[in-house]
Amino acid sequence: MRYDLQTLRGDVAGGVTAAAISITPAATFGVVSGLGAASGIYGAAAVGFFIGVFERSRPQMGSVSSVLAVAMASVVATHADTAAEAFTIAMLAGVIQLLLSILRIGSYVTYTPYSVIAGFTSGIGVMIVLSMVNAFLGDPVKITKPVNAIQGWPDAFDSFNSGALVIGLAALGVSLLWPQRLRKLLPAMVAALLAGTLLSVLWLSDVPTLEGISRALPELQRPNLSLGFLASAVVPALTIALLSTVRGLLAALAVDAQTRTQLDPDKGLLGTGIGNVAAGLIGGLPGNLTFVSSILAWRMGARTPISPVVRSLTLLVLILGLAPLLAYVPHAALAGMLAVIGWQLIDWRFLARLRRVQREHLLIMLTTLGITVFVDLVTAVAVGLIVAGMIGARQFERLQLDSVVSVPLLDQIFLYEHSAESHGISPYSARTGIVKLRGSFTVASSSKLIRTIGDDIVGHEVVIVDFSETEYIDDSAALVIEQLIDTAADGDATCIVLNLDGAPSATLESLNALRRIPSEHMVGSLDEAQDIARRLLVDKSEGGPPPSRRLTGPDSSDL
């Protein structure tokens, strides 16, 4: 692409516009986190800069978000004794994202079940809405557990500030009713903040406002690198990294659809990880790729990484130039905006379908939501993923075991009618069984694989294990197959392995799971397997009277 004056003009216009609409929510989310308005703006500048530099295919913006702000509020409340420790956790989250990017597994994070995402985002929405009641009544904005927020309502009513309520309702009304045609010129959140601030300055001055922000450049934070703290910081850092990655990659997919471009998820995650490390170093919140700023910049003509760089520099200029003005912004105006954001975070579309949702998914969603609301976000995400993994494993177990087919074969198939009669064998005797393992077999089904086909194997004298339609076997399933073969051998049954090849063969051979199978009993066609089975049955028949195993019950239907 040739870079000319028109391209530069589009990049500058897109970057400045994106900065203008980002500074208000960034400052708001900084307040929500408990780390101050400046931390939100610094985080938006750092994350946006590095995401933009590392994404070359389009101007991709990055910023802080309400979800990460609430997550950091949880970190500040329960996992960090100082701001430096909170920023260390943000840096550690960035390092985790860097590792995911280097290992090229970042995109797999998007496989996080939707029920987990719906649970914790809805829980965050509930927390924000209930916490804002106190701010509407005159308290400073603070995100807390719903139980704590409700317990604080009596005190808030005792110190009720009517001016704060008027400003909060005004900001809420502007956020909801701001005309759609004006939103491109002035976003609803900015309009709500301006309306609330003007009310405070011109009329209702006796309300709590934000603290002033120093015009000085951000100070470097010294991370806490003690082993004891880092060990306790891993879980919250993993949660921050997961939330940042999921929200960023989902936003990138939405931008892909609008711009007809394609983001490299691992490269995008690399920029996000470096950006979050940089944000923590300068006292900023962690962030992620963002949809609204990216699309707005694109529509303003931004086409290269110059635009995100312009946006980050503009944010720094704005905070240095306008920092004293933030001291006039009332907390109640932020509360009106945040109440709308919290309401929008609640996944009403999912909740409206609760009666139709599968019980397993409903359990995951309600578990994650409940722990988010009553415990904390970090625990909610961890437990939600664990429950989702257990339920997913159970579903895989059913699917995998449904692919196992065990069928007894009549001796007549192998010995022919006259041979069977000459050896005194019942025409319904079935001393051979064939076990077909179709599809994939993992740890999910390995525990019940023995119970599913173990009795059939013990009940036969010859067992053909057919791998013709086996696609994958993990180590756990391979060791179970070895145990099945050992069980057959201990019961005087002989196993024949049919059509073992590819990945299943590599796994079984690497674990030496087929050591009790003679090489001549590993064949590539059913005819060869039948020939071996015939010889084995004849040899056993000549050695003594065969057991009379007749087809009874459900086995007969398998024929």
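How many nonpolar, polar and charged residues does the lining of the largest pocket have? In this predicted model, the lining of that pocket comprises, by class, 27 nonpolar, 12 polar and 6 charged residues. The space within the largest pocket amounts to about 1,800 Å³, and of the 45 residues that line it, Met189, Thr290, Phe291, Val292 and Gln344 are the closest to its centre. Two or more lining residues are contributed by each of the helices α1, α5 (114-136), α8 (162-177), α9, α10 (227-259), α12 (291-299) and α14 (331-345), as well as by the strand β2 (288-289).

Two of the elements that contribute to this lining, α1 and α9, also pack against each other. Helix α1 (residues 5-33) meets helix α9 (residues 188-202) at an angle of about 60°, the two axes lying 9 Å apart; because angles from 65 to 115 degrees are required for a roughly perpendicular arrangement and those under 35 degrees for a roughly parallel one, the pair is classed as oblique. The crossing of α1 and α9 is left-handed, and the contact is formed by Ala20, Thr24 and Pro25 on the side of α1 and by Met189, Val190 and Leu193 on the side of α9. By class, this contact has 5 nonpolar residues and 1 polar residue, with no charged residues.

How values were computed:
Residues are numbered from 1 along each chain as its sequence is written. This is a predicted model: local features need pLDDT of at least 70, side-chain atom pairs count only at pLDDT 80 or more; totals for chains, interfaces and linings use all residues. Side-chain values use heavy atoms; hydrogens and water are left out. Axes are lines fitted to C-alpha atoms, for helices over the stretch in contact, and angles run from 0 to 180 degrees between N-to-C directions. Helices (H or I, at least four residues) and strands (E, at least two) are DSSP runs, numbered from the N terminus. Angles under 35 degrees count as roughly parallel, over 145 as roughly antiparallel, 65 to 115 as roughly perpendicular and the rest as oblique. A crossing is left-handed if the near helix is turned anticlockwise from the far one by less than a right angle, and right-handed if clockwise. Contact means heavy atoms within 4.5 Å. Ala, Val, Leu, Ile, Met, Phe, Trp, Tyr, Cys and Pro count as nonpolar, Asp, Glu, Lys and Arg as charged, and the others, Gly among them, as polar. On a 1 Å grid over the protein atoms alone, a cavity is a set of points where a 1.4 Å probe fits but cannot get out, and a pocket is an open set with protein on both sides within 12 Å along at least five of seven lines; lining residues have an atom within 4 Å of a point. Grid points are joined across faces, edges and corners, and a volume is the space filled by probe spheres set on the points.
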